[in-house]
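Subject: Structure for you to look through

Dear colleague,

I am handing over the structure below, and I would be glad if you could read it alongside the notes that follow.

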Amino acid sequence: MIVFVGGMQRSGSTFSFNVVREVLAKRGEVYCESSDSVLSAIESGRSAQHLVVKGHSADQATMDLVRLGAVKAICTVRK
């Protein structure tokens with residue numbers, strides 16, 4: 001599974017990232033990276049079963065993958 005966690009600074013995105021990482025770790029190996037591009041993280045974490053990427057904005061390719069449903073997304077906002 002590929003998950004992109006994005007959100008404003010100080011909005012809880014790191015907390016969400018940690019929760020997703022821990023849940024997926026129970027289902028197999030997880031590769032984690034801070035990046036705005038899922039595609040670059042895929043290249044780095046090829047051997048892992050799951051990929052969790054944290055960024056504050058997503059590039060166009062990442063947004064396209066989210067729209068297609070290939071990447072799950074969690075977005076946090078600050079109020």
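Two salt bridges are counted in this predicted model, a salt bridge being a side-chain nitrogen of Lys or Arg within 4 Å of a carboxyl oxygen of Asp or Glu. Side chains of opposite charge can pair when their charged atoms come close.

One of the two pairs joins E22 to R21, whose closest N and O atoms are 3.3 Å apart. E22 has a relative accessible area of 45%, which makes this residue partly exposed, and R21 is also partly exposed, with a value of 27%.

The other salt bridge brings together the side chains of D64 and R67, with an N to O distance of 3.3 Å. Both D64 and R67 belong to helix 3, which covers residues 60-68, and they are three residues apart, or about one turn of the helix. D64 is partly exposed at 34% relative accessibility, whereas R67, with a relative accessible area of 60%, is exposed, because the exposed class begins over 50%.

Turning to another residue, V3 is located in strand 1, which runs over residues 2-7. Is V3 buried or exposed? With a relative accessible area of 4%, V3 is buried, because buried means under 20%. Leaving aside residues up to four places away in sequence, V3 touches V20, L24, L51, V52, V53, V71, K72 and I74. The C-alpha atoms of V3 and M63 are separated by 12 Å, while the two residues are 60 residues apart along the chain.

Conventions
Residues are numbered from 1 along each chain as its sequence is written. This is a predicted model: local features need pLDDT of at least 70, side-chain atom pairs count only at pLDDT 80 or more; totals for chains, interfaces and linings use all residues. Side-chain values use heavy atoms; hydrogens and water are left out. Buried means under 20% relative accessible area, exposed over 50%, partly exposed in between (1.4 Å probe, protein chains only). Helices (H or I, at least four residues) and strands (E, at least two) are DSSP runs, numbered from the N terminus. Contact means heavy atoms within 4.5 Å.
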